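Please consult the sequence and the model shown below while reading.

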Amino acid sequence: MTVQEVKKILSSAREAERAYRIARDKANAYKQLLMGGKSINYENDGSKSEKQGNSTENAYVMLAEYEEALDECLGQLVEARRRVEEYINLLSLPSEREVVTRFYVNGEKLSEIADKMHYSEPNVYRLKKNAIIRLQQIG
């Protein structure tokens, strides 16, 4: 297994997290739109516009679709994290496991990891690099 393949496996959790956040934000935006009443179009006389269907109904349909996508993304996120965590647990050094988990699963920056673990940034970078090499060797 190459280093790139190891990184791709580890990055799958981050990508799933990103997809989940996008779906969640879209669903929340539609909820806000509906709660604010901005999806209803009114004519000059105050009647609802029915030219292209009921806009409120359409907004609820879109919300349902986004919530369905959100559920699907959540399932993919949970599965990706499970696979990545299993893979990370193959590492024998706890410090390497922690750095890789914080970086790939939690999405923390190396500088944040260094601060939280009380390590220097170069040391955190080295731990991450060594962990990836070990995972490559484990295959």
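Is Glu108 buried or exposed? Glu108 is buried, with a relative accessible area of 10%, where buried means under 20% relative accessible area, exposed over 50% and partly exposed in between (1.4 Å probe, protein chains only). The model is predicted, so local features need pLDDT of at least 70 and side-chain atom pairs count only at pLDDT 80 or more, while totals for chains, interfaces and linings use all residues. Residues are numbered from 1 along each chain as its sequence is written, and side-chain values use heavy atoms, with hydrogens and water left out.

**Overall architecture**

- The protein contains five helices and zero strands; helices (H or I, at least four residues) and strands (E, at least two) are DSSP runs, numbered from the N terminus.
- Read from the N terminus, the order of elements is α-α-α-α-α.
- Among contacts in the protein with a separation of 6 or more, 63% are between residues 24 or more positions apart; contact means heavy atoms within 4.5 Å.
- Of the 139 residues, 31% count as buried.
- The accessible surface amounts to about 9,000 Å², and carbon and sulfur atoms contribute 49% of this surface; the areas come from the Shrake-Rupley method with a 1.4 Å probe, and for residues only the protein chains shown count as cover.

**Surroundings of Glu108**

- Glu108 is located in the loop between helix 3 (94-105) and helix 4 (110-117).
- When neighbours within four places in sequence are set aside, Glu108 contacts Arg14, Arg102, Phe103, Ile113 and Lys116.
- With Lys116, Glu108 forms a side-chain salt bridge (3.6 Å, N to O).

**Salt bridges elsewhere**

- Side chains of opposite charge can pair when their charged atoms come close.
- A search of the whole structure finds eleven salt bridges, each being a side-chain nitrogen of Lys or Arg within 4 Å of a carboxyl oxygen of Asp or Glu.
- One of these joins the side chains of Glu17 and Arg81 (3.0 Å, N to O). Because Glu17 lies in helix 1 (residues 3-36) and Arg81 in helix 2 (residues 55-88), this pair ties together parts that are 64 residues apart in sequence.
- Glu17 counts as buried at 18% relative accessibility, while Arg81 is partly exposed with a relative accessible area of 28%.
- Within helix 2, Arg83 and Glu79 are four residues apart, about one turn of the helix, and their side chains meet in a salt bridge (3.7 Å, N to O).
- Arg83 is partly exposed, with a relative accessible area of 43%, and Glu79 is likewise partly exposed, at 32% relative accessibility.

**Aromatic residues and charges over a ring**

- The structure has one aromatic pair. Rings of Phe, Tyr and Trp (its six-membered ring) pair if their centres lie within 6.5 Å; planes under 30 degrees apart count as stacked, over 60 as edge-to-face and the rest as tilted.
- The ring centres of Phe103 and Tyr104 are 4.8 Å apart and the planes stand at 85°, so this pair is edge-to-face.
- Phe103 and Tyr104 are both buried.
- Arg14 lies over the face of Phe103, at 4.2 Å from the ring centre; a charge sits over a ring if NZ of Lys or CZ of Arg is within 6 Å of the ring centre and within 35 degrees of the ring normal.
- Lys128 also lies over the face of Phe103, at 4.7 Å from the ring centre.
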